[in-house]
Amino acid sequence: MKHKISDKIQIEFGDCRKLIKGLNDESVALTITSPPYNLQKNYGTYKDDVSLEKWEELISDTGKEIYRVLKPNGSFFLNVSPIPDKKTKEIIPLDSIAYYLMKKQGFYLRNKIIWHFNNMQNCVNRLSGRWEAVLWFVKDIDNYVFNLEDIRVPYITKNDKRLEGGTGRNPTDVWNFDDPESDFWYFNRVNNMTKNKMGLTEHPCIYPLAMIERIIKMSSNIGDTVLDPFLGSGTTIVAAQKLDRKGIGFEMDSKFDEIIKKRLKQEAASKELFI
Ligand SMILES: C[S@@+](CC[C@H](N)C(=O)[O-])C[C@H]1O[C@@H](n2cnc3c(N)ncnc32)[C@H](O)[C@@H]1O
């Protein structure tokens, strides 16, 4: 089932490994995605409870196609996190595994961004997990889009005269503590309370729009095509539409169709308010 939402936005329901074959070589500037993590989340059609080998196969097959469809100067951002093994509760570093899988496809890692958040588990027998990784891969380590000027953040020492006329700091990939204005990638997870407020209760794992906006500004230009093969509730294409990029999304379960369209409509309406 293919939906052309507008001249710029297209969504398709089914297995992304098949759907992506319909995209031309080197036709996408930027891919951003968060695949299932094997955490037994309820995604409907997709059963989020497979062996590690099967998970690796899914990521590897998708990564191979992402490499093919990306432009030579394109980037691929993969949001993935360490997870506890279902039986032993050992921590499986999915981000490290994903790194090796993407290396085999030919990608180079540009940054491992730590996305920190506060609202998660409170463990009693190990340290509580408070971060996920966003792996930034490029096809060509010497040639990729990086619009640093578009994503600078305010200086910490605002009164330092030497900084006058400067355009702000590089938003680094490093630790920091609870300061939304900091250089740290501080975007709270979309927790249940926020989901209720936003009317987004239909999807169990939504990543923050602000985080995706930063990535799109940083690694693509106006008019470029942004792809998300594991679209979920549509965050990536909502951000793409907001920032005047083209968006393509694939999602296994068509029950998310309604929420994706609702979010795109809301975004379009809010844009009109500012014209
Ligand atoms: C972690 S969620 C993505 C959430 C998304 N980032 C958001 O903000 O809403 C992963 C999604 O991948 C979908 N999925 C799983 N396997 C898939 C496949 N082979 N092809 C397409 N979508 C798939 C699931 O249905 C689920 O909605």
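Helix H6, residues 235-242, is mostly covered, with seven of its eight residues buried; a residue is buried if 20 or more other C-beta atoms, placed from the backbone, lie within 10 Å of its own. Those buried residues are Thr235, Thr236, Ile237, Val238, Ala239, Ala240 and Gln241. Just after H6, Asp244 adopts a positive phi of about 60°. Helices (H or I, at least four residues) and strands (E, at least two) are DSSP runs numbered from the N terminus.

The model is predicted: local features need pLDDT of at least 70, side-chain atom pairs count only at pLDDT 80 or more, and totals for chains, interfaces and linings use all residues. Residues are numbered from 1 along each chain as its sequence is written.

Strand E3, residues 28-33, is also mostly covered, since six of its six residues are buried. E3 pairs with strand E4 (residues 70-80) in the parallel sense over five bridges; pairing requires that DSSP find at least two bridges between the strands. From E3 the chain passes through helix H2 (residues 52-69) to E4 in a right-handed β-α-β crossover, meaning that, with the strands pointing away from the viewer, the path from the first strand over the helix to the second runs clockwise. E3 also runs parallel to strand E10 (residues 225-228), to which two bridges join it. Leu30 stands opposite Ser75 in E4 and opposite Val226 in E10.

The ligand is surrounded by 20 residues, the closest being Phe230, Gly232, Ser233, Thr235 and Met252; a residue counts if its C-beta atom, placed from the backbone, lies within 6 Å of the molecule. Helix H1 (16-19) and strand E11 (246-251) are the elements that give two or more residues to this shell.

Terms used: A residue is buried if 20 or more other C-beta atoms lie within 10 Å of its own, exposed if 12 or fewer, and partly exposed in between; C-beta atoms are placed from the backbone.
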